[in-house]
Amino acid sequence: MQIEAGNLTTGGLIACTILGGRVIGPVSQSVQTLVQWQFVRESLTMVNRLLDLETDRRDDQNLLIPDFLPDTLDFEAVRFAYPNSPIQRIDIKGLSFKAGDRVVLLGPNGCGKSTFLKVAAGLYKPSEGQVRLGGADLWELDPQVINERIGYLSQDVHLFKGTLRTNMALGGGVSDSRLLEVAKLLGIDRVAADNPRSMEMEISEGGQGLSGGQRQLVGLARVFLAGPRIWLLDEPSASLDMESENNILEAINRWARPTDIVIIATHRPRLTTLANRVIVMRRGQIVADGKPEEILQRRPVNQNRADGKAVAVRS
């Protein structure tokens, strides 16, 4: 408009544009720098919070790193309650698992199955008593020893930003042939086949874009590739269809060594086809422990006794 009015030449407009860019450029860069600094400051704050957390083991504690540990897992007068809660989530006087045990944990919601597995995996420290791995207190062993011996699958599998391959081989040091073998065994190869990038398919933070069942398969793959001596699986087939569930049972049978201890917490009694031992939990306590054919033919646990103790009544 100023050019048409004769108040500004075309050259003057170009000069104004150039000078405006020279002024606005540093301002824009300053805003970008401030945004980056905000991200850095938040990251530093989170790192400092992490470093300020109380460690699970004392700084002056000499942790044990034994060359050999028997394949046993024992609970000795173990009790566990969440902070500021009077309710004992776990109250087990004595419980032992030996090499070759295939155990299925059954019980209603809130009975303590998931908490039991977390205590067994060393994620929760007992309020009282000891969890002994191979005869040694779990909380006196070096974490690296525990990670090598125990594989834990939680109900909510968290995936990280990366690829399907990197999320499976989370611990690293896994050969491609072994990774492909596990992918085929669990049916993950079919998930990869639906993507043009196959095993390099991108996965966003939290596993967005994958179904709950697919995330469970990736979590199972981590346990398989870790090759633990003790498998702790929390609802491994909760989000899977029957065909996939059968595939998982067959895969565990094939992959777990005969001397491995496999403990599965589930609401699906059909998983007991894998077990040589069934444990029923209620209110954090063991109310039944025995062979599958003995436990499964009992009636539901009666909770109406006057003393508050649950008993299992045979049919």
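How do the residues of the lining of the largest pocket divide into nonpolar, polar and charged? They divide into 17 nonpolar, eight polar and five charged, where Ala, Val, Leu, Ile, Met, Phe, Trp, Tyr, Cys and Pro count as nonpolar, Asp, Glu, Lys and Arg as charged, and the others, Gly among them, as polar. The model is predicted, and local features need pLDDT of at least 70, side-chain atom pairs count only at pLDDT 80 or more, while totals for chains, interfaces and linings use all residues. Residues are numbered from 1 along each chain as its sequence is written, and side-chain values use heavy atoms, with hydrogens and water left out.

Along the principal axes, the C-alpha atoms fill a box of roughly 105 × 50 × 45 Å. Of the 315 residues, 38% are buried, meaning under 20% relative accessible area with a 1.4 Å probe and protein chains only. Among the contacts with a separation of 6 or more, 68% join residues 24 or more positions apart, a contact being heavy atoms within 4.5 Å.

A pocket is an open set of points on a 1 Å grid over the protein atoms alone, with protein on both sides within 12 Å along at least five of seven lines, whereas a cavity is a set where a 1.4 Å probe fits but cannot get out; lining residues have an atom within 4 Å of a point. The largest pocket has a volume of about 860 Å³, and among its 30 lining residues Asn147, Ile150, Gly151, Tyr152 and Leu170 lie nearest its centre. Helix 3 (143-149), strand 6 (150-153) and helix 7 (212-226) are the elements that give two or more residues to this lining, and helix 7 provides the largest share, five residues.

The structure also holds one cavity of 30 Å³ or more. Its lining consists of Pro236, Ser237, Glu245, Ile248, Leu249, Ile252, Ile264 and Leu271, with the largest share, four residues, coming from helix 8 (residues 242-255). These lining residues divide into six nonpolar, one polar and one charged.

Notes:
Points joined across faces, edges and corners; volume = space filled by probe spheres on them. Buried < 20%, exposed > 50% of the residue type's maximum accessible area, 1.4 Å probe, protein only.
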